[in-house]
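Grab a pencil and work through these exercises with the model open beside you. Each one has a task and then a step-by-step solution.

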Amino acid sequence: MVERPFPLNAWYAVAWGHELRKGEILGRTVCDAKIALWRTSAGAAVAVEDACWHRLMPLSHGRLEGDSLVCRYHGLAFDASGRCVRMPSQEKLNPNACVRSYPIAEKHRLVWMWPGDAAAADPALVPDWHWADDPEWEGDGETLALNCDYRLVIDNLMDLTHETFVHATSIGHSAIAVTPAKTTHDERSVTVERWMADIDAPPFWRTQLGRPGNVDRWQIIRFEPPCTIVLDVGVALAGTGALQGDRSQGVNGRVLNTITPATARTCMYFWSLVRNYRLRDQTLTTQLRQANARIFEEDRAVLEVQQQAIDARPGQALRNLNIDAGSLWARRLIDGMLAREREPHQVEQS
Amino acid sequence: MVERPFPLNAWYAVAWGHELRKGEILGRTVCDAKIALWRTSAGAAVAVEDACWHRLMPLSHGRLEGDSLVCRYHGLAFDASGRCVRMPSQEKLNPNACVRSYPIAEKHRLVWMWPGDAAAADPALVPDWHWADDPEWEGDGETLALNCDYRLVIDNLMDLTHETFVHATSIGHSAIAVTPAKTTHDERSVTVERWMADIDAPPFWRTQLGRPGNVDRWQIIRFEPPCTIVLDVGVALAGTGALQGDRSQGVNGRVLNTITPATARTCMYFWSLVRNYRLRDQTLTTQLRQANARIFEEDRAVLEVQQQAIDARPGQALRNLNIDAGSLWARRLIDGMLAREREPHQVEQS
Amino acid sequence: MVERPFPLNAWYAVAWGHELRKGEILGRTVCDAKIALWRTSAGAAVAVEDACWHRLMPLSHGRLEGDSLVCRYHGLAFDASGRCVRMPSQEKLNPNACVRSYPIAEKHRLVWMWPGDAAAADPALVPDWHWADDPEWEGDGETLALNCDYRLVIDNLMDLTHETFVHATSIGHSAIAVTPAKTTHDERSVTVERWMADIDAPPFWRTQLGRPGNVDRWQIIRFEPPCTIVLDVGVALAGTGALQGDRSQGVNGRVLNTITPATARTCMYFWSLVRNYRLRDQTLTTQLRQANARIFEEDRAVLEVQQQAIDARPGQALRNLNIDAGSLWARRLIDGMLAREREPHQVEQS
């Protein structure tokens, strides 16, 4: 039995807004809970447990009637709050007949769900992905279903030296592995910052910059527990002031990532690559989304094989190098959330 | 570990008579037992444990020599009683060398097997499927392998309100879900009876009746434990006396069902749809068999998904509505059989 | 939990020499250990544990740099002894950073690995497969991955009566099953010898002999624990002295077999069929290899089904006939090795 590796009291992305189409029902798994999602006639996203109160038939196999979800097997109907509002062949409804509903917040193009204590589900706590619908930024992303612990994806993103080896032909660069990064953290975030001065640009960034000459390159990784990471990445012509704060002679992107545990060994990875240059250029947006999707497939190949190797060696510890300072702190913040959930009555020091 | 959900002292259908062809060996699983079936030269069906006494090689991979089954690996031969009658390279046979044989009864077009105490295997106890070879009735059926507990199929058949939702385009009708059914039971059967007076006929029955006008429709479900259900179903022109017993202005069918547990989570479902009108019409027989097969595929889609949902929620109870009175009593009769098998020495009160 | 059925202190074939190509990395599983194999620039075969010291990424997914294996994920490099010789972003290496390396011996066209105590890995103990590269003999073989306990393959080879039933159309002959075999054994081998005088030749041997007339046929099986079996097989014209030691009027082959446990339920089966007639005839070599491969596919069909049957009946013993004397003694020698590994401090009586 694997110990639950994810906190429940957190907002988790469960779908892109566009994935949840009106009139359709979406079945997803979030933190070991199977969920049926749909939109009311007013457009509000709702989520309920994906098992009929009666005989456990998954409600995601049912159909919508107005704002209600109707079970495909015996026609029990449930409203957006999860209350049963119709039973077959009987007038009087059991007043306890309901399925659990979950708090939902739709923000930054994503539908977020709170699998834990509903009373604590404060929409202000939705992770910061504001670049996804900020008019100053433009880009797009995808959803990846990965067969690995969501924390392996976090490890991957918190240490970008792997780009040198895993993504050698696109964004990798030997400079990444030899340039030390600076890791800082507080109670609610971890930041890893690496500046590479006056280097040759890797193919991806050379194309984005569209100019010859060496560059200054930056990677600023910010982790927000339990599973959101925003990468501030870019290059500028070497010596034009990027290291001092002037990025005007460069190109700048954000890679937005949030990784939702489905089970202890699977996850849904939502990502978007956005930029603040060449806005309104849909061809570039599509090219960047496709290029990034190819890069993330290289990560998938590593992460899923790593998970299998971990599963084949129960109890064997992962070891840490200097490069793992970021992931080490990220896991500590996650472990802190888990510890607080295990001891709910302890007064939290803040 | 799942507790065994099926009694062993009962006749279970293991094959259609025509599925067990002379000269061939059939491997099947019945109540967790792997079985090799064949016919002797006289045509008698026989069943033995599907594992050679010597090194457990499945005998169903072997070949027939006269009335004996010869193991494919080392050539040990077993007669119809399961006794080893030949060993390689030795004249003297171990007198204990045998595989278990099982009582068989061939009746109503099916081959039935008794997996429990052979001394109790009374052929008079074979379930009543007599319509299958009654010259007054005609029809045909099929075998479905389902990935679900056999009791979910019984639940399905004992409550036909599901036709409204699962089979909306063929035999479903909103009248089924709103018309109460009457459930009766005794020690050896459960009956659920529903009469719908003066309703519009659903497509399937409209075609069978071949006449316009509202109908009276009936569904009389009879369960014989542990796993046989006969549906007496039909429609007659409304008001022509069907409710009072005169079905002459209608069409009448029997859906014969018997569901054999293979394991706790899989079963073989044998069914036949027979009618007492338009006999000798093979085209109609084929059409009805195909139409019913399509309907049962709709059930399969529900039942297998329901089983997965149950497995994902160990310990979570199924809940009952008014419509579940029939399945509730069916499960009580099954549970009674199981309880008697667990306490074999107790004197049964009858 | 299955008890480990293979000794660790033994040489196991892990690849054909030609399978381990310079510049490539081979991932294999031997005795439950996942292994990465490669060749140094000098051509020496080396084997290390297939999991990076850092985060367990399988090293067989990495790449070679000179004599070092470089992890695909973060670029840690390991030398042929398993010592880590490079880490990303840090000058100072953890002196404990290493992966386990295994003793290797390359002999008789195979690469052999010792999964147990390295101090005991004496190259003189490599099993005798010398016919594989003896200039007086010629032939070729293949590698089969089988889903069964390696001991089932040994049982199969130690009792060739199965040829009568499993290989009826090629090398089988009813004489095998009726002719008794003589089994002898000592501390380090088991021999089963069967001579069939003046019989009709089966199709395979008739073709090899290329002459009409009855034959004397021999099968001399020699087992060397834990998993190597050499078959001395052939036919000679009947009555020309083969039984007395003169095989000059016949054809003679060796079937070389060594079966490496991958897990308790899977194995790699290396075999080669060599002959001492018509040397330098590559067409015949290819024909014989292909013919033998077809025969071994017939064995695979039996062995994998037998394994499934065994797994379905935990705790049920396999029974022995007279024909099983050879496999019985082979298993006793294996059990002796296992017992000695469980009690390492006991002084061995020899």
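**Exercise 1: a helix pair**

Work out whether α1(B) passes α6(B) in a left-handed or a right-handed crossing, then say which residues meet there.

Solution. 
- Step 1: α1(B) crosses α6(B) in the right-handed sense. Handedness here is left if the near helix is turned anticlockwise from the far one by less than a right angle, and right if clockwise.
- A word on the ground rules: this is a predicted model, where local features need pLDDT of at least 70 and side-chain atom pairs pLDDT 80 or more, while totals for chains, interfaces and linings use all residues. Residues count from 1 along each chain as its sequence is written, with chains lettered from A and ligands numbered from 1 in written order.
- Step 2: locate the helices. They are α1 (residues 150-158) and α6 (residues 325-342) of chain B, with axes that come within 8 Å and cross at roughly 140°. Axes are lines fitted to C-alpha atoms over the stretch in contact, with angles from 0 to 180 degrees between N-to-C directions. Helices (H or I, at least four residues) and strands (E, at least two) are DSSP runs numbered from the N terminus.
- Step 3: list the partners. From α1(B) come B:R151, B:I154, B:D155 and B:M158, and they meet B:G326, B:S327, B:A330, B:R331 and B:I334 of α6(B). Contact means C-beta atoms, placed from the backbone, within 7 Å.
- Step 4: sort this helix contact by class, and you get 4 nonpolar, 2 polar and 3 charged residues. Nonpolar covers Ala, Val, Leu, Ile, Met, Phe, Trp, Tyr, Cys and Pro; charged covers Asp, Glu, Lys and Arg; the others, Gly among them, are polar.

**Exercise 2: chain on chain**

Solution. 
- Step 1: superpose. A turn of 120° with a shift of 0.0 Å along the axis puts chain C on chain B, at an RMSD of 0.0 Å. That is how a three-fold axis relates copies.
- Step 2: count the contact of C with B. Chain C gives 21 residues and chain B gives 17 residues. On the chain C side, α2 (162-166), α3 (174-178) and α5 (282-311) supply at least two residues each; the largest share, 5 residues, belongs to α5(C). By class, that side of chain C holds 13 nonpolar, 6 polar and 2 charged residues.
- Step 3: count A with B. Here 17 residues of chain A touch 21 residues of chain B, and the chain A side splits into 8 nonpolar, 6 polar and 3 charged.

**Exercise 3: domains of chain A**

Find where the domains of chain A lie and how far apart their centres are.

Solution. 
- Step 1: the bounds are 12-124 for domain 1 and 136-342 for domain 2, taken from an automatic or database domain assignment.
- Step 2: their centres, over C-alpha atoms, are 33 Å apart.
- Step 3: 9 residues of domain 1 and 7 residues of domain 2 make the contact. On the domain 1 side, β1 (12-16) and β2 (26-30) give two or more residues each, and β1(A) has the largest share with 4 residues.

Technical notes. Least-squares fit on C-alpha atoms with pLDDT ≥ 70 in both. Contact = placed C-beta atoms within 7 Å.
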